[in-house]
Amino acid sequence: MNLNGLTPNGSTAPAPAGLIKDSSTAAFKADVIDASRDAPVLVDFWAPWCGPCRQLTPALEKVVKEKAGQIRLVKINIDENQALAGQMGIQSIPAVFAFAGGRPVDGFMGALPESEVRRFAERVIAAAPPAEGAGGLDEELKQALEAAHAALAAGDLNRAAQIYGLVLQHAPETVAALVGMAKVYLAAGQPERAQEALDMVPEADRKGEDYLGAIASIRLLQEAAELSESAELEQAVAANPDDHDARFELAVVLNAEGRRIEAAEQLVALMKRDRAWNEDGARKKLLELFEAWGPKDPATLKGRRMLSAVLFS
């Protein structure tokens, strides 16, 4: 049972000797995850109405047949498997992902020419680990989560979502995967879907920096959605630097726009002008931002230095 591989692609055609097959959400684990421990598997996400998919499918099938068992092809019709496509973060098709050793190892989107498909398959085959039994579910989950976290940190939201989705297929209550998926949605500007992911976290596990940070991020985004645009608030502050309400709201909106350092600077500036404003509201909001960003985020570290300078100067 392997959890660390991903391979979407677009393809259509019957398969000889089990090298090419249609699959589904229910069979995905057996046809892709488990099978990729014996030989690499290309997963082709396609749909009947997709023209580029019809162009890519013959090339995929031809290359797979040429390799005579060194690599396999699994085709997923997204119209019939929408939940799986959503879990994998598929946003456009054709989309092809390669799995090897139970883990996602590579992928591409769009219809590539046959020569490039062949090079892609050869690269996957060359990099695939030798067929052997996997370590165990816990180790596979750990490796998958590490790969997903790395993808999220690198800003590769599609890949992160796909790997988190695979983990959740095997272990639906994995807190790190649920929180990770929530962070993907937050980064994509979808706080409602982030909340849906967090709602699936078991009650007893609703704690810890990552979970609480995600909750704080959602709350901050919802707050910002009720406020004016940043340009309008910046004009208000420029016109009247003592408009504390405008400066406070500007900080909330800047955070929602990803301008974290600027958000912290506005709150620190407010504290310098009126430390007691709104019952120490600027400092409290700054601490809320730190919770949402996480203790190791560069903006948190700089913000804490700025806060200390105000408090202890």
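# Sheet, pockets and domains

Reader: Strand 2 and strand 4: parallel or antiparallel?
Author: Strand 2 (residues 41-46) pairs with strand 4 (residues 95-100) in the antiparallel sense, over five bridges. Two strands count as paired if DSSP finds at least two bridges between them. Strands (E, at least two residues) and helices (H or I, at least four residues) are DSSP runs, numbered from the N terminus. This is a predicted model, in which local features need pLDDT of at least 70 and side-chain atom pairs count only at pLDDT 80 or more, while totals for chains, interfaces and linings use all residues. Residues are numbered from 1 along each chain as its sequence is written, and side-chain values use heavy atoms, leaving out hydrogens and water.

Reader: Which residue is the bridge partner of Val43?
Author: Phe97, in strand 4.

Reader: And the strand order of the sheet? What is it?
Author: The order is 1-3-2-4-5, in an open sheet of five strands with mixed pairing. Strand 1 (20-22) and strand 5 (103-109) each have a single partner strand, so one side of each has no neighbour in the sheet. From one strand to the next, the twist averages 20°.

Reader: What does helix 4 touch on the sheet?
Author: Helix 4 (residues 114-127) packs there, touching strand 2, strand 4 and strand 5. Its direction makes about 170° with that of strand 5. Contact is heavy atoms within 4.5 Å; axes are lines fitted to C-alpha atoms, for helices over the stretch in contact, with angles from 0 to 180 degrees between N-to-C directions.

Reader: Which strands does helix 6 lie across?
Author: Helix 6 (residues 157-170) lies across strand 4 and strand 5, at about 140° to strand 5.

Reader: Changing topic. What volume has the largest pocket?
Author: About 910 Å³. A pocket is an open set of points on a 1 Å grid over the protein atoms alone, where a 1.4 Å probe fits, with protein on both sides within 12 Å along at least five of seven lines; lining residues have an atom within 4 Å of a point. Points are joined across faces, edges and corners, and the volume is the space filled by probe spheres set on them.

Reader: How many residues line the largest pocket, and which lie nearest its centre?
Author: It has 34 lining residues, with Leu152, Lys183, Arg260, Ala292 and Trp293 nearest the centre. Helix 9 gives the largest share of the lining, eight residues.

Reader: What classes are in the lining of the largest pocket?
Author: There are 16 nonpolar, eight polar and 10 charged residues. Ala, Val, Leu, Ile, Met, Phe, Trp, Tyr, Cys and Pro count as nonpolar, Asp, Glu, Lys and Arg as charged, and the others, Gly among them, as polar.

Reader: Into which domains is the chain divided?
Author: Domain 1 (20-127), domain 2 (137-206) and domain 3 (227-312), with bounds from an automatic or database domain assignment. The centres of domain 1 and domain 3, taken over C-alpha atoms, are 47 Å apart.

Reader: Last one: the peptide bond from Ile93 to Pro94, what is its omega near?
Author: Omega is near 0°, and that bond is cis. Pro94 sits in the loop between helix 3 and strand 4. Separately, Ala68 has a positive phi, near 50°, and lies in the loop between helix 2 (51-66) and strand 3 (72-77).
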